[in-house]
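Please open the structure in your viewer and keep the sequence alongside, so that each selection in this tour can be followed from one stop to the next.

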Amino acid sequence: LMLALGVHPAVASASSACMILYTSSISTLSYMTFGSLVYDYGAFCLVIGIVATLLGQTLMKGLLRQYKRASLIAYSIGGVVMLSAIAMGIDGTIALLDA
């Protein structure tokens with residue numbers, strides 16, 4: 001949505017990352033408050049998230065330095081959204097067939 005409104009891709013990406021960090025932190029705190037957090041699973045997801053973030057930032061920084069195009073950020077965001085939509089469609093289809 002921010003890209004459609006003309007926000008620079010780097011700003012849109014950083015804003016989205018901050019919103020995701022905030023919502024996932026609040027969700028984790030909520031799970032901890034109600035005693036529903038599985039700590040070893042949470043630690044595993046935390047490590048995977050940190051490694052994936054560092055890998056993605058390093059890769060994107062290198063690509064931006066090499067090609068000098070901010071559009072690569074928009075393409076990567078679009079790719080993640082597309083993969084998420086496909087995965088959700090597959091998951092929904094499997095759940096519907098199992099029901």
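Predicted model: local features only at pLDDT ≥ 70, side-chain atom pairs only at ≥ 80, totals over all residues.

**A guided tour, stop by stop**

Residues are numbered from 1 along each chain as its sequence is written, and side-chain values use heavy atoms, with hydrogens and water left out.

Stay with the whole chain and switch to a cartoon. The protein has three helices and zero strands, and its elements run α-α-α from the N terminus on; helices (H or I, at least four residues) and strands (E, at least two) are DSSP runs, numbered from the N terminus. The C-alpha trace spans about 45 × 35 × 25 Å along its principal axes. The radius of gyration is 17 Å, whereas a compact globule of 99 residues would have one near 13 Å; the value is taken over C-alpha atoms, and the globule rule is 2.2 Å times the number of residues to the power 0.38. Buried residues make up 4% of the 99 residues, where buried means under 20% relative accessible area, exposed over 50%, and partly exposed in between (1.4 Å probe, protein chains only).

Next, select Val 7, in the segment before α1. Val 7 is partly exposed, with a relative accessible area of 28%, and, not counting residues up to four places away in sequence, Val 7 touches Met 2 and Ala 12; contact means heavy atoms within 4.5 Å.

Now select residues 9-33 and 71-98 together. These are helix α1 and helix α3, which pack at an angle of about 40° with their axes 8 Å apart. That angle makes α1 oblique to α3, since angles under 35 degrees count as roughly parallel, over 145 as roughly antiparallel, 65 to 115 as roughly perpendicular and the rest as oblique. The axes are lines fitted to C-alpha atoms, for helices over the stretch in contact, and angles run from 0 to 180 degrees between N-to-C directions. Show side chains to see Pro 9, Ala 10 and Ser 13 in α1 meeting Ile 73, Ala 74 and Ile 77 in α3.

Which residues of α2 meet α3? Select Met 60, Leu 63, Leu 64 and Tyr 67 in α2, which meet Leu 72, Ile 73 and Ser 76 in α3.

Move on to Lys 68, in the loop between α2 (39-67) and α3. Lys 68 has a positive phi of about 55° although it is not a glycine. Most residues other than glycine have a negative phi. Lys 68 is exposed, with a relative accessible area of 70%.

The last stop is Ala 85, in helix α3, which is partly exposed, with a relative accessible area of 47%.
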